[in-house]
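Biologist: Could you take me through one part of this model up close? I'd like the surroundings of the ligand, please.

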Amino acid sequence: MRKGLFITVEGPEGAGKSSMMQRLIQQLEEEGFRVTGTREPGGISISEQIREVILNKENTEMDGRTEALLYAAARRQHLVEKVMPALLRGDIVLCDRFIDSSLAYQGYARGLGIEEVFEINRFAVDDVMPDLTLLFDVRPEVGLARINAHVEREVNRLDLESIHFHEKVREAYLLLSERFPDRIVKVNAEASVEEVFHQSMTYILERIRATEQ
Ligand code: TYD
């Protein structure tokens, strides 16, 4: 039986997920929760190897369905090796990107179809869906400007996509938040760091309290 709480953080590029996740993990630990912070591929060797293939800038011939299948495969391994054991221990698992990234990037922005990508991901996650998803919403021009300001951050193949692609990613996330209103909550990631932190903590603590009842 799964005891913990599975929380995912999603959003387009430059939404500030990674740094905010560190703060959220620290705060939750200070409040006495046991937290596993992770990100796909989460240091799982098999998933890391798959990701190297996906994000390699030289793999320009990669087919969209191949990409979607590889993400789903990497997700499966990370879920089995890291997420599930932590949930079984009763941890709060905070994961940077999960199934909604595939639905938004591969399903909608690349045009494979949200339903089709959902289908292969259902096989991968086997009913393990997040209890809560924080969607860090940011307009592409704001997100991409943030990325460009951090020149030391490694630029990957998907960062090089056109602004149009990033607009579609955002649109997809907003559609998903309408489709799964009980699971996905929107956080205004253009607000100040303090506000984003406060909003995120409020949603997380609300969900923890709801599961305790
Ligand atoms: P990453 O280095 O994790 O960037 P970020 O800080 O934006 O999360 O790069 C992951 C990239 O892979 C990002 O462009 C989103 C993309 N991605 C997908 O297209 N589908 C997926 O299922 C996942 C997990 C990521």
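Predicted model: local features only at pLDDT ≥ 70, side-chain atom pairs only at ≥ 80, totals over all residues.

Modeller: Asp91 sits in the loop that runs between α3 (64-89) and β3 (92-96). Its relative accessibility is 4%, so Asp91 counts as buried, the cut-off being under 20%. Leaving aside residues up to four places away in sequence, Asp91 touches Gly4 and Leu5, then Arg34, Val35 and Thr36, and also Ala86.

Now for the ligand itself. Its shell holds 15 residues, and the closest of them are Tyr71, Arg75, Arg97, Ser102 and Gln106. For Arg97, an N or O atom of the side chain is 2.7 Å from an oxygen atom of the ligand. With Arg75, the distance from a polar side-chain atom to a ligand oxygen is 2.8 Å, and with Arg51 it is 2.9 Å. As for cover, the ligand taken alone exposes 540 Å², and the protein buries 92% of that. Two elements, α3 and α4 (99-109), each give two or more residues to the shell. The largest share comes from α4, with four residues.

Conventions:
Residues numbered from 1 in each chain as written. Heavy atoms only, no water. Buried < 20%, exposed > 50% of the residue type's maximum accessible area, 1.4 Å probe, protein only. Contact = heavy atoms within 4.5 Å. Near = heavy atom within 4 Å. Polar contact = N/O pair within 3.5 Å; in protein donor to acceptor, adjacent residues only side chain to side chain. Areas by Shrake-Rupley, 256 points an atom, 1.4 Å probe, with all protein chains shown as cover.
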